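Subject: Structure for you to look at

Hello,

I am passing on the structure we spoke about. My notes on what turned up follow below it.

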Amino acid sequence: MAKTIVGLFDDRDAAHSAVQDLIDAGLDRGRISVVAADEDGKFQTHKVDAHGNMAAEGAVTGLASGAVVGGVIGLLVGAGFTVLPIAGLLLAGPVAGAIAGAATGAAAGGILGALIGMGIPKEHADVYAEGVRRGGTLVLVQTDTDAEEARVRDLLDRDGAVDIEERGAAYRAEGFTAYDHTAKPFTPEEARRERERWRQPAATEKLQVVEENVNVGKREVPTGGVRVRSYVTEQPVQKQVSLTEEHVDVQRRPVDRPVDPNALETFREGTIEVKERAEVPVVKKEAHVVEEVAIGKVTNERTETIQDTVRQTHVDVVPVDYDAEYWRRDFAQRHPNERYEEYEPAYRFGHELSNDAQFQSGDWTTLEPTVRQRWETRHPNSWNRFREHVRASWEGSRARNPRARMM
């Protein structure tokens with residue numbers, strides 16, 4: 001479903017850049033429109049030459065008020081534009097007829113009615129119309145798909161389109177309620193002061209470049225060990241030993257012989273005692289040290305290679321002075337039968353490289369592997385097709401870049 005995307009720009013140079021970027025991105029000029037205020041009413045021409053320059057009387061009277069606007073409109077040569085001196089507007093593109101028709105015979109809010117007719121909510125249309133009355137410039141783009149709508153919004157935001165919600169809140173805080181078609185357009189001086197009021201000093205943004213380092217330390221961890229304990233066991237032991245026992249042997253045997261006269265003196269009572277003896281085993285145990293178990297630690301050193309990945313942020317500085325028209329002409333001379341829009345990313349990429357300190361010195365042969373890796377991160381498997389265009393832009397931009405020549 002077709003949808004009209006609108007961007008309000010306080011600064012006309014920004015509007016010019018937005019239209020140029022839309023064209024460079026491949027948007028059909030016939031779907032882009034511009035609405036701006038003719039602040040002092042002197043821009044009374046409706047002719048633009050083949051180069052987008054104002055012709056004849058417009059070039060003379062427009063220098064004071066409309067030269068920049070003429071430059072924006074000049075980008076849309078072929079789309080046609082009309083001037084509404086009654087409404088004090090400069091128009092280019094397909095919306096010119098719609099706004100002209102809405103204003104015919106009434107000069108009453110032609111721009112407001114046209115915007116609402118395009119599907120713009122009234123609360124936004126009021127702010128857009130008021131912004132033009134105060135010297136702003138509208139860039140309107142007709143889109144067909146959601147993807148195209150997102151791309152157009154991104155381009156307009158990148159080039160400085162006003163946040164319509166914030167601007168509406170600011171207007172209402174000052175007493176604004178709705179667009180008044182009877183209110184006079186701002187004079188050039190009033191428009192200048194209005195632009196200065198909204199021009200914020202460029203904020204200093206900081207991007208932190210973060211790089212990871214690998215710090216390899218050491219710590220002790222348990223990897224094993226032994227536990228040694230001693231305990232007592234018993235086992236039976238057998239040994240043989242020879243023992244001697246004594247036994248009294250009493251033998252009585254009969255005899256018959258005369259008594260010796262001398263023995264008669266011993267003939268009296270008496271007792272003879274004989275004791276028996278025997279050997280018994282005596283067990284004596286002695287402890288002997290038969291083995292020693294020594295417990296200690298042996299320290300060995302080894303070298304281990306640690307492999308890991310580290311991350312680092314890179315900041316690509318993209319300069320705003322990329323000359324699209326220069327490279328478009330250069331491309332047309334080199335490749336007259338091909339479309340520049342298909343190769344435009346390669347030319348911008350080469351221009352980025354020329355402003356990157358890493359690639360401002362050295363020869364192409366040495367730098368190409370790194371350049372290719374960076375390119376294919378954004379555009380996989382396309383290096384061979386765009387290689388020569390990247391190189392041409394890199395070499396040409398370096399030659400035109402004073403900072404690069406100083407390296």
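Glu 342 and Arg 339 form a salt bridge, with 4.0 Å between the closest N and O atoms. A salt bridge here is a side-chain nitrogen of Lys or Arg within 4 Å of a carboxyl oxygen of Asp or Glu. Glu 342 is partly exposed at 39% relative accessibility, and Arg 339 is partly exposed as well, with a relative accessible area of 46%. Partly exposed lies between buried (under 20% relative accessible area) and exposed (over 50%), computed with a 1.4 Å probe and protein chains only.

The model is predicted: local features need pLDDT of at least 70, side-chain atom pairs count only at pLDDT 80 or more, and totals for chains, interfaces and linings use all residues. Residues are numbered from 1 along each chain as its sequence is written, and side-chain values use heavy atoms, leaving out hydrogens and water.

Both Glu 342 and Arg 339 belong to a network of salt bridges that also links Asp 24, Glu 325, Arg 328, Glu 341 and Arg 385. The search of the whole structure finds 34 salt bridges.

- Arg 348 and Glu 344 form a salt bridge with the closest N and O atoms 2.2 Å apart. They are 4 residues apart in helix α11 (residues 340-354), so about one helical turn separates them. Arg 348 is partly exposed at 25% relative accessible area, while Glu 344 is buried at 10%.
- Arg 134 and Glu 130 meet through their side chains in a salt bridge of 2.8 Å, N to O. Both of these residues are buried.

Helices (H or I, at least four residues) and strands (E, at least two) are DSSP runs, numbered from the N terminus.

Next, helix α9. Which residues of helix α9 (residues 188-198) are buried? They are Ala 191, Glu 194, Arg 195 and Trp 198. Seen down the axis of α9, these buried residues fall within an arc of 100 degrees (taken from the directions from the helix axis to the C-beta atoms), so they line one face of the helix. Their cover includes α1 (12-24) and α8 (164-173).

Last, strand β5 (residues 137-143) holds Val 141, which is buried with a relative accessible area of 0%. Neighbours within four places in sequence aside, Val 141 is in contact (heavy atoms within 4.5 Å) with Lys 3, Thr 4, Ile 5, Leu 22, Leu 27, Arg 31 and Val 152. Gly 7 is 134 residues from Val 141 along the chain, and their C-alpha atoms are separated by 8.7 Å.

Regards
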